[in-house]
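Please look over the model shown here before reading on. The report takes up how two chains meet, how one of them is built, and a few single residues.

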Amino acid sequence: MTDLLRLESVGKARDRRFLFRDVTLHLAAADAIALVGPSGAGKTTLLRIVAGLDVPDSGNVWIDGQLATRGATILVPPHRRRLGFVFQDLALWPHMTVAESLEFVLASASAALSRTERDRTIDETLTLTRLERLRRRYPHQLSGGEQQRAAFARALVHRPTLLLLDEPFSSLDVDLREEMRKTLDDLRGTLGFAMVFVTHDGAEASAVANRTFRLTLA
Amino acid sequence: MISGRGVAFAAAAATLVGVAVAPLVELVAVPASTGRWADYQAAFLDGRQIRLLINSARIAGGAALLATAIGAPLGFLLARAPIRARSAVRLGLAVPVVIPTYALALAWVFVAGGAGVVTRGFGSDALARLTYSPIGVVVVLALALYPVSMLATEAAARRIESRLEEAALLVAPATRVLARITVPLLWPSIASSALLTFVLALSDYAVPNLLRQRVFTTEVFTAFAALYDVSRATALALPLLAAAAIGGYLVASFGASILDTGRASGVTGVRLGRLGPIAAAVIALVIGAGVALPLASLAVEAGSVAAIRQGLDRSGAAVVESLMLSSVAATLSVAVSLVLGHRRARATRRMARAVDASLIALFAMPGTIVGVALIAFWNRPGWSGGVYGTSAMIVIAYMARFLPAAILVVGAGVRRVPRSTEEAAALSGAGWMRTMWHIVVPQIRGTLAVGWVLVFVLAFGEVGASILVAPPGHAPYSIHVLTLIANAPSAQVAALALVQTAVVVCPFAIAIAVRSFARLD
């Protein structure tokens, strides 16, 4: 079976020092892997390389059987990789409501969908993330947990097969963190996406993922 | 007991009120105090006023649109495109904003005026007719003011959090991300800089005066200096006062801090690909039209280095006096703006917005109106009359015009100083003065230097207010040159304008280069 994600000997240096090197990793469909390691080990950088937002100095990145990055050359641009990404600071667009954000993503990533299909998908995603009544709210009008769910909704509305999460719960309190983990579990159960989850918290890694990949300081 | 902070604030606030606010309030009250209430009505409803308003607004609107169309894309390119020698390019593009507008207009007259190079070369006065028309004023003002939009857009583009664009790049191509994410996030800064450009164009006196267009500022000058009709000058001033106040309020309301060139975030770069050579050509064209051509035109008209030296010999005293007066105004303005800028930076959000709106409105106030207001306020029996007959009035005029801008710049600098550093000093027992001197000032030294250079450069080229308040025998350099235009050979005028441009461009170049290397790059 083709791996959904394959990293082959990926290396990245910064300031003449390796952040990491020879990282090789496989991820099957519906798999969930936690990237753990201390600060400065390059967890976020590796995730950005997978997304195509950054390039490695060496190695290959394969996504769904297609060579997406070869060395420092991007062969498949980020928007053609069909990924979802939840940023550490969420990066919600301040000038768009929740629904407008989802509409923007769908109109960009799934242009073939009819208007009706798009509206239905948006409604469905808002329901899954319990944001139906907040669809016309701007990010600054949402609470911390609602913003988190809006970030999930935006990352998943185009139904990616792979979701990348960069320490998405790091700024939440313990109760909200637990609630968000449950939300993420429910979404995975319903939508069945694979996941790479960056965290520096070992307990969180074992709670959300079925495999752990450890990056150490080079 | 009155604290040191209270004394400093009272002195600084009194200075701002005395030089900039009270004279304008008095000017507005002139018709009421003389019982001529109909003047208020005439200011807005008189047919001549309305025609003048339409002409002024048309020219200022055209200049703002053109300046924004040139400046905003350049600002974006400076922030995001892979430009070699970025600091030098930024400097080259930003220079026109400090060249006195009369020098720019004069340069274009030498190129495309009735006796200009182009007119003589082609034997046709078609271009000259265009130069001495509203279109000519729009083009010259746009070339003078596009750096406002450019610098504001560049700062805004650098402040956009890169994650916002990266989140969109995961689902959309770069062009769509630019249209739907980047431009909407830049829009408040672009709109507010366009508004500021509009008000600055509306308040310019030198360009419409030299290119013979009747707008509010030239009419105010004529009414006051030629006809000595204070009431008419006041009536003409009211619509401009209103426009400046509304403009200031709108600029502040957009919430985009256009004078805040704070620390840049990690920005998403753009690859220009085949558009690269076109972008380079546009940059070269703008530098050519805004800087190289005007300076070359002045240099050619001046004729030789000997002519420049001769001009300097004849006007040396005016240069020295102008340098001194501008330096005094800049130093006093920075001292006052340190106190008021700090207070503004630590104000509540609502208060800060109101203060910003007022300061922007004061900064945008046309020079001729400031001049008339200063005369009305200071030329009276008593101690103020003693001040009125001296060169101090020129310093007051410079401060009235540019102190508000210095406060905005210093306020933006203080906002970047963590409040906790002051609180820590206070907890250790330091008083306000000690905290300011040892904690705040060292953290904003660069900003204070930029504020000083800003006031110095603008004051050195100021015409509108100082031409009205300068005492006999003490004309600052720019006024000296402006009055020579009608009476001296064009070579001498060009040489003097070139010298003035060099004097303002050099400190500006050093300041922007230091700031660029220290902060933006």
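What follows goes from the conventions to the interface, then to chain A, and ends with individual residues.

This is a predicted model, in which local features need pLDDT of at least 70 and side-chain atom pairs count only at pLDDT 80 or more, while totals for chains, interfaces and linings use all residues. Residues are numbered from 1 along each chain as its sequence is written, chains are lettered from A and ligands numbered from 1 in the order in which they are written, and side-chain values use heavy atoms, with hydrogens and water left out.

**The interface of chains A and B**

With contact taken as heavy atoms within 4.5 Å, 16 residues of chain B are in contact with 21 residues of chain A. The size of an interface is often given as the accessible area lost when the parts come together. Here the buried area, meaning the accessible area (1.4 Å probe) that two parts lose on being put together, summed over both, is about 1700 Å², and carbon and sulfur atoms give 69% of it. On the side of chain B, the residues that lose the most area to chain A are Arg163(B), Leu170(B) and Val171(B), which together make up 39% of what that side buries.

The rule for a salt bridge asks for a side-chain nitrogen of Lys or Arg within 4 Å of a carboxyl oxygen of Asp or Glu, and across this interface it finds 1 salt bridge. The side chains of Glu166(B) and Arg48(A) meet in a salt bridge, at 2.6 Å from N to O. For polar contacts (a pair of N or O atoms within 3.5 Å; within protein, one must be able to donate a hydrogen and the other to accept it, and residues adjacent in sequence count only if both atoms are side-chain atoms), there are 5 residue pairs across the interface, both residues being at pLDDT 80 or more.

Helices (H or I, at least four residues) and strands (E, at least two) are DSSP runs, numbered from the N terminus. Helix H9 (162-169) and helix H10 (174-203) of chain B each supply at least two residues of the side that touches chain A, and H9(B) gives the most, with 6 residues.

**The build of chain A**

Chain A has 6 helices and 10 strands. Its radius of gyration, taken over C-alpha atoms, is 17 Å, close to the 17 Å that the globule rule gives for 218 residues, so chain A is as compact as a globular protein of that length; the globule rule is 2.2 Å times the number of residues to the power 0.38. Along the principal axes, the C-alpha trace of chain A spans about 50 × 40 × 35 Å. Of the 218 residues of chain A, 54% count as buried, where buried means under 20% relative accessible area, exposed over 50% and partly exposed in between (1.4 Å probe, protein chains only).

**Individual residues**

Most residues other than glycine have a negative phi.

| Residue | Phi | Place | Relative accessibility |

In chain B, Ser391(B) lies in the loop between helix H18 (383-388) and helix H19 (392-415), and Ser391(B) is buried, with a relative accessible area of 17%. The side chain of Ser391(B) makes a polar contact with the side chain of Glu321(B), at 3.2 Å.
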